[in-house]
Amino acid sequence: MKKIFQYGNGLLMGLFSVLFFATLLFAITSPNLVLGDNPKTGAGTTMVTTTGIIIVMAIVVTWLTSGHFKRWTHQVFVVHKKITVSILLAFTILWQISFVLNVHPPIGFDVGAIHEALHKPISPELTGYFSLNYNNLPLLLVQHFFATILHSTKWLTFDLLTLLWVDLSALMNVFKCLGNRCTKSCGSSIYSYRLVNIFSNDYC
């Protein structure tokens, strides 16, 4: 029975790591980070993106060429991983809150339809949408529940609610790893999660 549990736990951790590293990969390769002229958005490379890429390249080159830097990263990310994860978690939450408060535009597609239904519940277009996409009705009911409690249907309100649930899920994973045996794959998953949340803000 113990072997079955260990096998199942290892399988779940492997799947967890693969999915989060895949999310990190697609976040980093997002069209928003394209260098030069962006054919999809029509925008050019920003100074923030350029600076970020230069910093990442400098860190990679330093790690490959400096033994002292390798030992330092081992101390920070392996020996003192609990402290490092806590600091990264706090930094990411502050970054997310700052981003959401300053950038919270309306979203189209399914998210926009669900949000618009709070304002136009008898709209013919939305009636047709939910007739075809009835799988989104539970999300609409949940959103209506919170809108009723908070007396607000603003985009910012639901951005902050989504941010709360995202970070709660991250905290539960971190506490699980720190409370039990924090394996190497678990630590990698946590660090990748922090990077995903820094580079990607799809929850907004």
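Let's start with a pairing: Glu-116 forms a salt bridge with Lys-120, and their closest N and O atoms sit 3.5 Å apart. Keep in mind that this is a predicted model. The structure holds 1 salt bridge in total, and the protein around it has 9 helices and 0 strands.

**The salt bridge**
- Glu-116 has a relative accessible area of 32%, so this residue counts as partly exposed.
- Lys-120, its partner in the salt bridge, is at 45% relative accessibility and counts as partly exposed too.
- Why do these two count as partly exposed? Because 32% for Glu-116 and 45% for Lys-120 fall between the cut-offs of under 20% for buried and over 50% for exposed.

- Val-56, Val-60, Trp-63 and Leu-64 make a nonpolar surface patch of about 380 Å².
- One of these residues, Trp-63, has its place in helix H2, which covers residues 47-65.
- Trp-63 is at 39% relative accessibility, so it counts as partly exposed.

**The overall build**
- Reading from the N terminus, you go through the elements α-α-α-α-α-α-α-α-α.
- The protein has 204 residues, and 27% of them count as buried.
- Take the contacts between residues at least 6 apart in sequence: 63% of those join residues at least 24 apart.

**The surface as a whole**

Conventions:
Residues numbered from 1 in each chain as written. Predicted model: local features only at pLDDT ≥ 70, side-chain atom pairs only at ≥ 80, totals over all residues. Heavy atoms only, no water. Patch = residues over 30% accessible without salt bridge, like charges linked within 9 Å, V, L, I, M, F, W, Y side chains within 5 Å. Areas by Shrake-Rupley, 256 points an atom, 1.4 Å probe, with all protein chains shown as cover. Salt bridge = Lys/Arg side-chain N within 4 Å of Asp/Glu carboxyl O. Helix = DSSP H or I, 4+ residues; strand = E, 2+ residues; numbered from the N terminus. Buried < 20%, exposed > 50% of the residue type's maximum accessible area, 1.4 Å probe, protein only. Contact = heavy atoms within 4.5 Å.
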